[in-house]
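The report that follows describes selected features of a single chain, moving from individual residues to the packing of secondary-structure elements.

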Amino acid sequence: MKEAALVRQILAYLAGLPHCYAQKRTPSFTYGHRGNPDIYGSIKGRHFEGRHFELEVKVPGKKPTLLQAMMLERWRHAGAVTGVVSSVGDVAALFKRARLL
């Protein structure tokens, strides 16, 4: 499966979560900064007002570039929930670990 198809699946999953808003980030050659994660958004839960998240989508077996890993770390230090994901299941597991679900 191609990364673009994974991004669409993950965005569809996120759109189905209550109080969640997510978008695919525009490619860096048009707008934005190189290395920023593919998907960003926010989710509201029972015990918190809202948490920002940043997701780097990779096909299974692929790893983020050094720049992508550094950007995820910057977002994490700023308080965002971050992760490298290869499936909807990875997103659900990340959100459960972060107590977003």
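## Buried polar residues and the nonpolar core

Threonine 82 lies in strand β4. The model discussed here is a predicted one, and in it threonine 82 has a relative accessibility of 18%, which is under the 20% cut-off, so this residue counts as buried. When its neighbours within four places in sequence are left aside, threonine 82 is in contact with Glu54, Leu72, Trp75, Arg76 and Leu94.

Glutamine 68, which is placed in helix α2 (residues 66-77), also counts as buried, because its relative accessibility is 13%. Apart from neighbours within four places in sequence, glutamine 68 is in contact with Gly35, Glu56 and Lys58.

| Residue | Element | Relative accessibility |
|---|---|---|
| Threonine 82 | β4 | 18% |
| Glutamine 68 | α2 | 13% |

The largest nonpolar core comprises 19 residues, and those with the most contacts inside it are Ile10, Leu14, Ile39, Phe53, Leu55 and Phe95. At least two residues of this core come from each of α1 (3-15), β2 (39-45), β3 (48-57), β4 (81-85) and α3 (88-97). In soluble globular proteins, nonpolar side chains tend to be buried together. Phenylalanine 95, with neighbours within four places in sequence again left aside, is in contact with Leu14, Leu17, Ile43, Phe53, Leu55, Leu100 and Leu101.

How do the helices α1 and α3 pack, and at what angle? The angle is about 45 degrees, with the axes 9 Å apart, and the two helices are therefore oblique to each other. On the α1 side the contact is made by Gln9, Ile10, Tyr13 and Leu14, and on the α3 side by Val88, Val91, Ala92 and Phe95. Of the residues in this contact, seven are nonpolar, one is polar and none is charged.

Within α3, the residues Val91, Ala92, Leu94 and Phe95 are buried. Because they cover an arc of only 165 degrees around the axis, they fall on the same side of α3, whereas Lys96 and Arg97, on the other side of the helix, are exposed. The buried residues of α3 pack against α1, β2, β3 and β4.

How values were computed. Residues are numbered from 1 along each chain as its sequence is written. This is a predicted model: local features need pLDDT of at least 70, side-chain atom pairs count only at pLDDT 80 or more; totals for chains, interfaces and linings use all residues. Side-chain values use heavy atoms; hydrogens and water are left out. A nonpolar core is a set of buried Ala, Val, Leu, Ile, Met, Phe, Trp, Tyr and Cys residues joined through side-chain atoms within 4.5 Å. Buried means under 20% relative accessible area, exposed over 50%, partly exposed in between (1.4 Å probe, protein chains only). Helices (H or I, at least four residues) and strands (E, at least two) are DSSP runs, numbered from the N terminus. Contact means heavy atoms within 4.5 Å. Axes are lines fitted to C-alpha atoms, for helices over the stretch in contact, and angles run from 0 to 180 degrees between N-to-C directions. Angles under 35 degrees count as roughly parallel, over 145 as roughly antiparallel, 65 to 115 as roughly perpendicular and the rest as oblique. Ala, Val, Leu, Ile, Met, Phe, Trp, Tyr, Cys and Pro count as nonpolar, Asp, Glu, Lys and Arg as charged, and the others, Gly among them, as polar. The arc is that of the directions from the helix axis to the C-beta atoms.
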